[in-house]
Amino acid sequence: MILYHGSNQIVKEPKLIPQNRFLDFGFGFYTTTNKAQAISFAQKVFNRRKEGTKQVGVYEVDEERLFNECSVLKFDFTDEKWLDFVSENRSGNYNRDNYDVIYGPVANDDVYTTFTLYQSGVLTKEQTLDALKVKKLYNQMVFASEKALSYLKFIGTVPEEEL
C-alpha cells in the first residue's frame, strides 16, 4: 500500500511528536492513500506555520503484515462508532483503548461545519450521520505507536511540479 503525508518539510523518518491540538484519531503520524488530500494538507501546514515548503512524503507499507501484527482500529465508513471516536478525540476526552494503527474516513474541511454543529448540540447523532452520507470522505491511516511506525518505509516525495 502506498501512503502520503503532507507537511511543510520532508519527513524521511516519521516520529511521534506531541500535538498542540486534538485530531480525529488522536495522537500519531497521519497518512492517507489519497495524494490530492495530502497535497492539500501540505498547503494548509505551510500556510499555518509560515516556514519550509510544501512537501508530500511517499511511503510504503505492507498492509497485510501491519494489520496482522499490530493492534488496529478500522472504520469502514462513517457510522456511530466512528462519530463517537472522532468526537471524543477532537474534544480531548478519549480515554479508552490505545491502538498501534487507526484507519478510516477523515473528517476533513468539507465536513467541518456538520461536525461542529453536532459537537455543539445543534444536530443529533442521526442527523449528523445522515449528512455525512452525502459527503465524499477520504481516508486516513494513523500510526500511533513506535511499533506501527517501524512498518512504514519512506520511498520518496511527490515531485514539486505536482504540488
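Colleague: Between which two helices does the loop that holds Thr124 lie?
Modeller: This is a predicted model, with residues numbered from 1 along each chain as its sequence is written, in which local features need pLDDT of at least 70, side-chain atom pairs count only at pLDDT 80 or more, and totals for chains, interfaces and linings use all residues. Side-chain values use heavy atoms, and hydrogens and water are left out. Helices (DSSP runs of H or I, at least four residues) and strands (runs of E, at least two) are numbered from the N terminus. In those terms, the loop with Thr124 lies between α4 (109-119) and α5.

Colleague: What is the relative accessibility of Thr124?
Modeller: Buried means under 20% relative accessible area, exposed means over 50%, and partly exposed is in between, computed with a 1.4 Å probe on protein chains only. Thr124 counts as partly exposed because its relative accessibility is 37%.

Colleague: Within what arc do the buried residues of α5 fall, seen down its axis?
Modeller: Helix α5 covers residues 125-133, and Lys125, Thr128, Leu129 and Leu132 are buried in this helix. The buried residues of α5 line one face of the helix, because, with the arc taken over the directions from the helix axis to the C-beta atoms, they fall within 95°.

Colleague: Which exposed residues does the face of α5 turned away from its buried side carry?
Modeller: An α-helix has 3.6 residues a turn, so residues three or four places apart point the same way. In α5, the face turned away from the buried side carries the exposed residues Glu126 and Lys133.

Colleague: With which residue does the side chain of Ser145 make a polar contact of 2.7 Å?
Modeller: Ser145 sits in the loop between β6 (139-143) and α6 (146-149), and it counts as buried because its relative accessible area is 13%. Contact means heavy atoms within 4.5 Å, and, not counting residues up to four places away in sequence, Ser145 touches Leu16 and Asp100. A polar contact is a pair of N or O atoms within 3.5 Å, where within protein one must be able to donate a hydrogen and the other to accept it, and residues adjacent in sequence count only if both atoms are side-chain atoms. The side-chain partner of Ser145 at 2.7 Å is Asp100.

Colleague: Which residues does Gly28 contact, leaving aside its neighbours within four places in sequence?
Modeller: Gly28 is in the loop between β1 and β2 (29-31), and it counts as buried because its relative accessibility is 13%. Leaving those neighbours aside, the contacts of Gly28 are Leu16, Gln19, Val142, Phe143 and Ala144.

Colleague: Which residue of β6 is the bridge partner of Phe29?
Modeller: Two strands pair if DSSP finds at least two bridges between them, and an open sheet of four strands has the order β2-β6-β5-β4 with mixed pairing. Its edge strands are β2 and β4 (72-74), each of which pairs on one side only. Strands β2 and β6 run antiparallel and are joined by three bridges. The partner of Phe29 in β6 is Phe143.

Colleague: About what angle does the direction of α1 make with that of β1?
Modeller: Three strands form another open sheet in the order β1-β3-β7 with antiparallel pairing, and β1 (2-7) and β7 (153-157) stand at its edges with a single partner strand each, so one side of each is left without a neighbour in the sheet. Strand β1 pairs with β3 (residues 55-60) over six bridges. Helix α1 (residues 35-49) packs on this sheet and touches β1 and β3. With axes as lines fitted to C-alpha atoms, for helices over the stretch in contact, and angles running from 0 to 180 degrees between N-to-C directions, α1 and β1 make an angle of about 20°.

Colleague: What is the phi of Lys50?
Modeller: Most residues other than glycine have a negative phi. Lys50, in the loop between α1 and β3, counts as exposed because its relative accessibility is 69%. In this residue other than glycine the phi is positive, near 55°.
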